[in-house]
Amino acid sequence: MEGHSIYERPARALRVLLHPFAAPVYLAAVLFFGPTVLHNLPAGVRLYCLSIICLVALVIPLLAVSILRGMQFWQSLNTYGWERRVIPAALAFVCYIVCLQTLPPSISLFLLRKLVLAGAGCAMLAGIAGIFWSISTSMTAAGGALAILLLVDFAGFGDMALPFCAAALLAGATGSAGLYLEEESPWMMAAGFFGGFAVAAAAMLT
């Protein structure tokens, strides 16, 4: 029991820090402030792009989910019902789609549009899969992030070797934390990871 208490807090902290809503923000920070072609953009443009991702992927979905959890409607739902899996994913999907429609058609924002499109695809995957089965949204985000970093490096848009290795380690860490806390099964994680990887890769290649 004592050993369990030692590792439980770090595991839960890791799961919070690497929440699926936060993953796109970390990825955007790497793309716009790391060793990529976007590093040559003015700092104001890069901060603008990062703020958009932060607002669309993290702030608005978290605020909406927080409001829902305080409503009687949410509390009346089955704790393990599909609605609690689908509604957050649907909210994230709507945010991404609205963002895509409002982004200016600037060539300098092409990677931002790809990132938003990948986020919408991963949210749609989590929502559709959530109707029938629970998949790991954390690993969906991790798989999507790794696909984007890999393709950015492959296309010659930046040197993503170090960020890719760091993201792979973090994906393994959050997956291990989920297994340790018994929140997810290996099958849920595998389905989320490979699904997120495939969807994000398709978004980047369109």
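Reader: Where is E182 placed in this chain?

Author: E182 lies in the loop between α8 (161-180) and α9 (186-205). Helices here are DSSP runs of H or I with at least four residues, and strands are runs of E with at least two, numbered from the N terminus. This is a predicted model, where local features need pLDDT of at least 70, side-chain atom pairs count only at pLDDT 80 or more, and totals for chains, interfaces and linings use all residues. Residues are numbered from 1 along each chain as its sequence is written, and side-chain values use heavy atoms, with hydrogens and water left out.

Reader: What makes E182 exposed?

Author: Its relative accessible area is 72%. Exposed means over 50%, buried under 20% and partly exposed in between (1.4 Å probe, protein chains only), so E182 counts as exposed.

Reader: Why is α2 called roughly parallel to α7?

Author: Helix α2 (residues 23-33) and helix α7 (residues 137-154) pack at an angle of about 15°. Axes are lines fitted to C-alpha atoms, for helices over the stretch in contact, and angles run from 0 to 180 degrees between N-to-C directions. Angles under 35 degrees count as roughly parallel, over 145 as roughly antiparallel, 65 to 115 as roughly perpendicular and the rest as oblique, so α2 is roughly parallel to α7.

Reader: How do you know that the size of the chain agrees with a compact globule?

Author: The radius of gyration, taken over C-alpha atoms, is set against a rule of 2.2 Å times the number of residues to the power 0.38. For 206 residues a compact globule would have a value near 17 Å, and the protein chain has 17 Å, so the two agree. The C-alpha trace spans about 50 × 40 × 25 Å along its principal axes, and 44% of the 206 residues count as buried.
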